[in-house]
Amino acid sequence: MSLLSDLVNLNLTDTTDKIIAEYIWIGGSGMDLRSKARTLSGPVSDPSKLPKWNYDGSSTGQAPGEDSEVILYPQAIFKDPFRRGSNILVMCDAYTPAGEPIPTNKRHNAAKIFSHPDVLAEEPWYGIEQEYTLLQKDVQWPLGWPVGGFPGPQGPYYCGAGADKAFGRDIVDAHYKACLYAGINISGINGEVMPGQWEFQVGPAVGISAGDELWVARYILERITEIAGVVLSFDPKPIQGDWNGAGAHTNYSTKSMRQDGGFEVIKKAIEKLRLRHKEHISAYGEGNDRRLTGRHETADINTFSWGVANRGASVRVGRDTEKAGKGYFEDRRPASNMDPYTVTSMIAETTILGKLL
C-alpha cells in the first residue's frame, strides 16, 4: 500500500470489531464545527450507550484556561460516509462539568421546547433550505468567478448547467450522496441565483432532529470542501451589490396545519410570528441586515409581511397550501448562518405555545 488513499480507505470490518466514533460539536463562534475521534469496542446505534467525552474549551473560545474542561453529551448518531463500515458520526452538545449547558449550547433549550406536551402533540415538521457559497481558497472569492472580477449578471445560474454557469457541482453531488449514506433526510439540491452559490434541503424532519440533521449535513459539507481545497461560507451576503444573499428558509407545519381547516391555523400562527418579529429576527443569524433589504427575493428586515407565493415576503404560503386549505408555510427570514436549534424551537414556541412577548 504505497498510496495514502489506500490507508484512508482501509476496511476494518474484516480485522476488528472496534469502530471509530467522530464526536462533533459547535465551537465558540456558534458556527464553527469541531470534532475529534475515539475508538469504541464495537458498533453502537443508541446515543445513550455512548460515553460522554470532554475537550479543551479554552481552545474553542468556550471556557477559561484555568477551568477549561467542557463535557460532550452524545445526542444523535449517523453513519460515517468518510470511514464507512460500522464507523459513526456523533452529534453532541456541550456542558460544564457540573452539568450546566454552556452558552453556545442552543440544543439544550430547544430540546426542552420540543419535549413540551403541547409541542409533542402537534408533531412539528421542518424542511430547511440551506444556502451556501463556495469560495476559492487562496483569494476568498466565489468559485468560478474571475479573480478580482465579476461574472455576467444573475439570470443563467439558478439551476443552471454548463461550465460557465455551474461551479462546484462535484462537491455538491458528493455532499448529496454522503448525506444520504449518513442517514440524513436530505431531500434535494440545486444551484442558486448567485454563481458559486448552492442549496441543499433537509427534511421533512420532526422536532429536534431537524437541528441535528442540518448540523451534521453542514459538518459533512465542511469535510468535503476541505478535501476539495475549497472554502465553505455561510455568510448571508458574501458579495455586496446586485447579488443574491444566502438564507436558510425554514418550512414548517404542525399536525393541525396538515389537517382539514389547517389554513386558518396557519394564518393564526403567522399572526403570532408577526407579533414577535423583532425577537425572531434577533435570533435568525448574524449579518442578516445585509441580506434582508427588500431586494433579491427578501423582505425588509424591519417589516413583517406574508403572502401566497410571494418570495418578497417574510413568510410565504404556497399555492398548493392555499388550494388544499391545509399544509405548511415558509419562514424566509432566517439567514444561512442561523442556528437550526434556535430557529426551529423558536417557531414552535411562538406558534404552538403562544408566547407573544
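Partly exposed means a relative accessible area between the buried range, under 20%, and the exposed range, over 50%. The model is predicted.

**Exercise 1. Decide whether C159 and C92 are buried, partly exposed or exposed.**

Step 1. Take C159. Its relative accessibility is 46%. C159 therefore counts as partly exposed.

Step 2. Take C92. Its relative accessibility is 3%, so C92 counts as buried.

**Exercise 2. Find how many disulfides the model has.**

Step 1. Recall the bond. A disulfide is a covalent bond between the sulfur atoms of two cysteines.

Step 2. Set the cut-off. The two sulfur atoms must lie within 2.5 Å.

Step 3. Give the count. It comes to zero disulfides.

**Exercise 3. Describe the largest pocket and its lining.**

Step 1. State the space. The largest pocket holds about 570 Å³.

Step 2. Find the lining. It consists of 27 residues. Nearest the pocket's centre lie N9, P81, F82, R83 and R84.

Step 3. Sort the lining by type. There are 13 nonpolar residues, seven polar and seven charged.

Step 4. Look for helices. α4 (169-182) and α5 (209-228) each supply at least two lining residues. α5 gives the most, with five residues.

Notes: Residues numbered from 1 in each chain as written. Predicted model: local features only at pLDDT ≥ 70, side-chain atom pairs only at ≥ 80, totals over all residues. Heavy atoms only, no water. 1 Å grid on protein atoms, 1.4 Å probe; cavity = no way out; pocket = protein on both sides within 12 Å on 5 of 7 lines; lining within 4 Å. Points joined across faces, edges and corners; volume = space filled by probe spheres on them. Helix = DSSP H or I, 4+ residues; strand = E, 2+ residues; numbered from the N terminus. Nonpolar A, V, L, I, M, F, W, Y, C, P; charged D, E, K, R; others polar. Buried < 20%, exposed > 50% of the residue type's maximum accessible area, 1.4 Å probe, protein only.
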